[in-house]
Amino acid sequence: MQKPQKTNAMRILEQQGIAFTHTEYEADAFTDGASTADRLGLPHERVFKTLVTTGQDRAHYVFVIPVDETLDLKKCAKSVGVKAVEMLPQKELFALTGYVRGGCTAIGMKKKFVTRIDETAMLFDSIYISGGRIGCQLCLAPDDFCRAAVAAYADLTETH
C-alpha cells in the first residue's frame, strides 16, 4: 500500500506536535460535507466544513461549522468585529487560500486569516475537518484545531 501524500495541513500539525489521524476516501470531485460524513460513517455534528468570506472591510474571514449547519452572516460579522460579511465567490477560493472547494481547511492557507470555529465543536473530544485536499479528512481535538488554525470559538450558525 502506498504512503499517503501529506498535505500542508498535516505538515503543520506535525510541526506543532499536534496529534491527529487522517482518513482517505475515493473522491475525484467536490463532495459536500454531509455526503463525506455519510460515506465515512461519521456523525454529522462532528464533521466540520470550512467557509471563506469577505468582510465589508474587504478583509477575508474563515468560518468552520458543522456540515449540516448554515452560516449566520450577522453572527459571523459580529464575531470578527465588522459590520457585514458575504461568501467569497467560489472561483476565487483557490487563488486566495491554495485550496479547492471540498478540500479547503483553515490550517495552512496561503495567508493567515482571522478564523472562527463554531462553539459546538467544544462538545466533542475530537472533530473531523478537511485534510487539505478532496478525499482526505483529519480528526483532531477542537482545541488543537484552534491552536493550529489560530482560531477562536464563536456562535456562527443559524438557529433552527
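The lining of the second largest pocket comprises nine nonpolar, two polar and two charged residues. In this classification Ala, Val, Leu, Ile, Met, Phe, Trp, Tyr, Cys and Pro count as nonpolar, Asp, Glu, Lys and Arg as charged, and the others, Gly among them, as polar. The model is predicted, so local features need pLDDT of at least 70 and side-chain atom pairs count only at pLDDT 80 or more, while totals for chains, interfaces and linings use all residues. Residues are numbered from 1 along each chain as its sequence is written, and side-chain values use heavy atoms, with hydrogens and water left out.

Select Ala106, Gly108, Lys111, Lys112 and Ala149, which are the closest to the pocket's centre among its 13 lining residues. The space here is about 150 Å³. A pocket is an open set of points on a 1 Å grid over the protein atoms alone, where a 1.4 Å probe fits, with protein on both sides within 12 Å along at least five of seven lines; lining residues have an atom within 4 Å of a point. The volume is the space filled by probe spheres set on the points, which are joined across faces, edges and corners.

**Second stop: helix α5**

Next, select α5, residues 142-149. Helices (H or I, at least four residues) and strands (E, at least two) are DSSP runs, numbered from the N terminus. Why is α5 largely enclosed by the rest of the structure? Six of its eight residues are buried, that is, under 20% relative accessible area with a 1.4 Å probe, protein chains only. They are Pro142, Asp144, Phe145, Cys146, Ala148 and Ala149.

Now select residues 136-140, strand β7, where five of five residues are buried. Cys136, Leu138 and Leu140 point one way, and Gln137 and Cys139 the other. In a regular strand, side chains alternate between the two faces of the sheet. Strand β1 (residues 21-24) runs antiparallel to β7 and is joined to it by four bridges; strands pair if DSSP finds at least two bridges between them. Here His22 stands opposite Leu138. Strand β6 (residues 127-130) is also antiparallel to β7, again with four bridges, and Tyr128 has Cys139 as its bridge partner.

**Last stop: the largest nonpolar core**

Finally, select Val52, Ile107, Ile117, Ile129 and Phe145, which touch the most other members of this 29-residue core. A nonpolar core is a set of buried Ala, Val, Leu, Ile, Met, Phe, Trp, Tyr and Cys residues joined through side-chain atoms within 4.5 Å. Helix α5 gives the largest share of this core, four residues.

Conventions:
Buried < 20%, exposed > 50% of the residue type's maximum accessible area, 1.4 Å probe, protein only.
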